[in-house]
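Trainee: I'd like to learn how to read a model like this one. Can you walk me through it?

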Amino acid sequence: MSESLPVRCPACRRSHRYTAPAYPCACGAPVAAPLDPDRVPAAVGERSWREEWVTVRCGSCGTHGEWPHPELGCPCGTVLRIPVTGERAEAPAAAGPARPAAPAVPAVPIRTARDAVTAAVLYLRRLGHDDIRRADQRPTSGIGLAGRGVLAQLDPSARRATPRDVECLWLTAMTESAACLYFSLSGYSAEARARADALDVPLFVLEPSGAARPENAPARALDADAA
């Protein structure tokens, strides 16, 4: 069960009850960041990629993974970063020999660009990429994500992706000898779809629920392999 603790907003002094969200490890066990009740939550100001994630350990299989740092949005408009204890999170150990379960993707409703990044990272982990980080080379638009042998582009804007967006992603992936895939919140132009099909670039649309919907044949094939 995920941890829960009382939280007071330092800006308006309003009291909340915060429960840490649990995410599924690749082994299938739920993992939640261990909250630190002895430290005071801090208001989030300028964001940095490093502060957006926390390393947690699955108590079932021992795997360390990067998960979104716990945060709470207060009605006054302040966003609070909830302190965690060290870098460990324990999942309930199963009785008897542990058997790997099929990877699952939790529901991450998309309300902000950060939610979209979380949804994309979780989907990439479903595909077996557990070392996702921000890409070293910034894409022409959107956000670049990278892991060992994979490069992904996420466009959280209201515009549809263009053929140039797809081509730039494909070229960057080619120079890094990596596979690539594209996530968009608003979809793709007909020309972008045609270009992606020609280059074999999987296209996904992130739905408001956080699910990644395959938009072309390469994406459907990739999604089927991950099921």
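Predicted model: local features only at pLDDT ≥ 70, side-chain atom pairs only at ≥ 80, totals over all residues.

Trainee: How many helices and strands does the protein have?

Mentor: Helices (H or I, at least four residues) and strands (E, at least two) are DSSP runs, numbered from the N terminus. Here we get four helices and 15 strands.

Trainee: And what share of the residues is buried?

Mentor: Buried means under 20% relative accessible area, exposed over 50%, and partly exposed in between (1.4 Å probe, protein chains only). Of the 227 residues in the protein, 45% are buried. As for the surface, accessible areas come from the Shrake-Rupley method with a 1.4 Å probe, and for residues only the protein chains shown count as cover. The protein exposes about 11,800 Å², with carbon and sulfur atoms supplying 53% of that area.

Trainee: Now the sheet. In which order do the six strands of the open sheet come?

Mentor: Two strands pair if DSSP finds at least two bridges between them. The order is E10-E11-E12-E13-E14-E15, and the pairing is mixed. At the edges sit strand E10 (133–134) and strand E15 (212–214), each pairing on one side only. E10 runs antiparallel to strand E11 (residues 143–147), and two bridges join them. Look for arginine 133, which stands opposite alanine 146 in E11.

Trainee: Which helix packs on that sheet?

Mentor: A contact means heavy atoms within 4.5 Å. Axes are lines fitted to C-alpha atoms, for helices over the stretch in contact, and angles run from 0 to 180 degrees between N-to-C directions. Helix H2 (residues 163–175) is the one, touching strand E12 (150–155), strand E13 (179–184) and strand E14 (203–206). The direction of H2 makes about 150° with that of E13.

Trainee: How many salt bridges does the structure hold?

Mentor: A salt bridge is a side-chain nitrogen of Lys or Arg within 4 Å of a carboxyl oxygen of Asp or Glu. The structure holds 11 of them. One joins arginine 126 and aspartate 223, with the closest N and O atoms 3.6 Å apart. That pair links distant parts of the chain: arginine 126 is in helix H1 (residues 113–126) and aspartate 223 in helix H4 (residues 217–226), 97 residues apart.

Trainee: Are those two partners buried or partly exposed?

Mentor: Arginine 126 counts as partly exposed because its relative accessibility is 21%, whereas aspartate 223 counts as buried at 18%.

Trainee: Which residues are linked in a network of salt bridges?

Mentor: Arg193, Glu207, Arg213 and Glu215. Within it, arginine 213 and glutamate 215 bring their closest N and O atoms to 2.7 Å apart. Arginine 213 is partly exposed at 35% relative accessible area, and glutamate 215 is buried at 15%.

Trainee: Last one: where is proline 68 found?

Mentor: Proline 68 lies in strand E7 (residues 64–68). Proline 68 counts as buried because its relative accessible area is 8%.

Key:
Residues numbered from 1 in each chain as written. Heavy atoms only, no water.
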